[in-house]
Amino acid sequence: MPAAGAARTWCAAALLAAAAACAAGTSELTGSGSLDERIPLAVLPFQGAVAGVDDLAAARSTLVEGLRATGRFRLLPEAGIESSLAAHRIRVVETLPSEAVEVLLADLDHPFLLTGTALYVDDRFEPTAAILLRAYDPAGRRLGSRLWALRAADAADAFALGAPETLADLWAGPAREWVEQAVDLIEAPARGDRPRVGVLPFDPAPDHPESGRLAALVAGHLLEEEFGAEVAEPGDLLNAFVAARVRSLEYFGTEQARELAGNTGARWLLAGSVLEIDYGNGPGQPPKVSLTMRLFDAESGRSIVSGLADRSGDEGEVVFGIGQNFHPVTNLAAALRRAFEDMNLPWARS
Amino acid sequence: MRATTRRILPALLLAGLAAACSTPSQVVYLHPLADLSLIKRIAVMPLGNLSSNTEAHQWVRQILNHELLVQGIFETVEPWEVNRVLLEKQIPQDGIPSLSPEQLAELGQELGAQAFLVGDVLQFEQGRYGNLTAPEIGLSLRLLDVETGIVIWSATASKSGIGFTERLVGANGPDLTAATSELVRNLLSTLST
């Protein structure tokens, strides 16, 4: 009975293989009747404001390895993610419209999704970086965002020893903290209904064209994580610009604001201008930023509240140099936070 | 005689220090027949720029809009509405002062404003005082009645030099934004009195 013998041999081999895979903790069985209880997760390629920074790939793989090591996630292979992005002609991950997120999730068999946008990467004076992580659940709802800002001097020990010398060292240094933030983001409980805000691109400072996008991304993150709002997907907002025929925010109109809000479901619109930004140059020249923001009622197109903040990394709260902030993105976040607090946002009023 | 010198010398020193320190100045004109309480809504027009900072007028206009909204003296037309209407009517950004009273009235009607705030940035830079820096700002603002084109209110203010406290502790003066914001706030406060 050669056929029965072959079947027995195949079953035994399959069982042995499954047992070996389970023991190694690398089971990749999926689909109905899956034995794998780990959370499926796709970490999209990191992209960002800074072109030509190869170390973003290193940042992504450091995070992926850290997440894999927790044993709680089944990380989708990078090649599969890349081919899905290519198949749907998705090039810019930072401004994924909701539709694209849904298509991508369906293509990848509905995993959780993690994106990373590099807001700032610089190693001219010392390795300094900031990456904004955003997570989506398998249904395409955004779970939230985390701002991961790091500077070599902050990663060194109390005696200023062991400061990372390269960006790759910078990613790897405090990787555990980074992984914890990502896990926290993915496993966070669903949020209830929140007022939806569309964050328009800020007018950039004249000599820093990237500053408008940077400020808008950080403002959106703060609104979402600290000021109880839901932020419309930047990609949806860009699509709505096209639909409302908005060519320039400088010549925006009430009708267009209303149309924009209708297309994104935003009750409020936030607009701002970066008046001045200086990313700093280490001790002796801390980062500096000045900006204004206005919150509009999307229905009437009228300003409701306005905020103004300027902040330097060595401001008055610093005593004898302790507490100085030399990270340009956390300095920007501090300025935005202060402006939001002063604005007394309408949904936060008691 | 010695006692008198002891009393006068510190006073002279203090007066000298004060003279060398920050010098804010302000001149305000209000039309004798103007009733500002009748004005509810104004439009902040693009400002002229006579300073060496090419972006100063944009910067100050942003701060003006912010302070007007915060102080709530008048309702303001959204800056993007102002820009859009100026573009539609092909009026250059610095063309408001040269408009005829009829054109002003038409523009006012279009924007739903009873007055236009116009003006110039005269000076806008960080001055150097030895090792220290401090802002040097000069502003001139006018409120025009859209019906007649008459100047209802006019104010010029400047702020320069380093403050006494900063000089004493060897610290820099405030940033340009903070100093501009304070100057604008002080100027606008003369509208509500």
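Q: How is the model to be read, and how are its parts labelled?

A: This is a predicted model, in which local features need pLDDT of at least 70, side-chain atom pairs count only at pLDDT 80 or more, and totals for chains, interfaces and linings use all residues. Residues are numbered from 1 along each chain as its sequence is written, while chains are lettered from A and ligands numbered from 1 in the order in which they are written.

Q: What is the average pLDDT of chain A?

A: Chain A averages 81, and 80% of the residues score at least 70.

Q: Why is helix 3 of chain A said to lie largely in the open?

A: A residue is buried if 20 or more other C-beta atoms lie within 10 Å of its own. Of the 10 residues of helix 3 (residues 78-87) of chain A, one is buried, so the helix lies largely in the open. Helices are DSSP runs of H or I, at least four residues, numbered from the N terminus.

Q: How many residues connect chain B with chain A?

A: In chain B, 17 residues are in contact with 19 residues of chain A. Helix 2 of chain B gives the largest share of the side that touches chain A, six residues.

Definitions and conventions: Contact = placed C-beta atoms within 7 Å. Helix = DSSP H or I, 4+ residues; strand = E, 2+ residues; numbered from the N terminus. Buried ≥ 20, exposed ≤ 12 C-beta atoms within 10 Å, placed from the backbone. pLDDT = per-residue confidence, 0-100.
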